[in-house]
Amino acid sequence: MAQRGRPPVLDEIKRREVLAILSVGCSRSTAADYVGCSVSTIQKTADRDPRFAEQLRRAESRAEITLLQAIQKAARKEQYWRAAAWALERTKPEQFGRRSPRAMPLAEVRQLLEQLAGAVLEQLPTDQSRQRILKRLDRILRDLGKKPGAD
């Protein structure tokens with residue numbers, strides 16, 4: 001019986017091309033342009049085919065590992081110290097990432113808020129007012145470390 005419907009946009013040859021392009025570090029957008037489809041076509045194909053999804057994941061991981069190995073190799077040479085700095089900035093941005101001169105680390109923001117809270121609480125006339133403010137500040141401090149959209 002003949003197969004019905006439209007043939008898949010990503011046939012086996014195009015899938016191999018996508019995987020090869022991703023494995024050298026190119027984006028899905030570049031791979032899609034090369035094979036003549038959209039990025040969503042690649043994703044939809046992966047959603048329907050777990051084997052292809054796994055191959056995509058591995059190709060992208062392989063590229064990342066290869067690029068990081070190259071950076072680490074360069075960073076071992078003293079004249080290429082910037083490669084080590086680059087890797088640290090991107091793998092641990094909260095610790096080594098570039099900050100604008102006006103940015104404050106989270107720990108300093110917390111400390112500032114606690115000091116401000118102490119100054120405000122000293123001025124409140126009743127224990128009930130202080131308790132309400134303390135609860136609210138506690139919630140703010142707790143939420144401060146959460147990522148946007150995470151509950």
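Which residues does Leu 10 touch, not counting residues up to four places away in sequence? Leu 10 touches Arg 15, Val 18, Val 35, Cys 37, Thr 41, Ile 42, Thr 45 and Phe 52, where contact means heavy atoms within 4.5 Å.

## The model and its confidence

This is a predicted model, in which local features need pLDDT of at least 70, side-chain atom pairs count only at pLDDT 80 or more, and totals for chains, interfaces and linings use all residues. Residues are numbered from 1 along each chain as its sequence is written, and side-chain values use heavy atoms, with hydrogens and water left out.

The protein chain has a mean pLDDT (the predictor's confidence in each residue, from 0 to 100) of 84, and 91% of its residues reach 70 or more. Confidence is highest in helix H1 (residues 12–23), at a mean of 96, and lowest in helix H6 (residues 93–96), at 78. Helices are DSSP runs (H or I, at least four residues), numbered from the N terminus.

## The nonpolar core

The largest nonpolar core has 14 residues, and Leu 10, Val 18, Ile 42, Phe 52 and Leu 56 have the most contacts inside it. Such a core is a set of buried Ala, Val, Leu, Ile, Met, Phe, Trp, Tyr and Cys residues joined through side-chain atoms within 4.5 Å; buried means under 20% relative accessible area (1.4 Å probe, protein chains only). H1, H2 (28–35), H3 (39–48) and H4 (50–75) each supply at least two residues of this core. H1 gives the most, with four residues.

## A pair of helices

The axes (lines fitted to C-alpha atoms over the stretch in contact, with angles from 0 to 180 degrees between N-to-C directions) of helix H7 (residues 106–123) and helix H8 (residues 127–144) come within 11 Å and cross at roughly 175°. H7 is therefore roughly antiparallel to H8, a term for angles over 145 degrees.

Technical notes. Parallel < 35°, antiparallel > 145°, perpendicular 65-115°, else oblique. Buried < 20%, exposed > 50% of the residue type's maximum accessible area, 1.4 Å probe, protein only.
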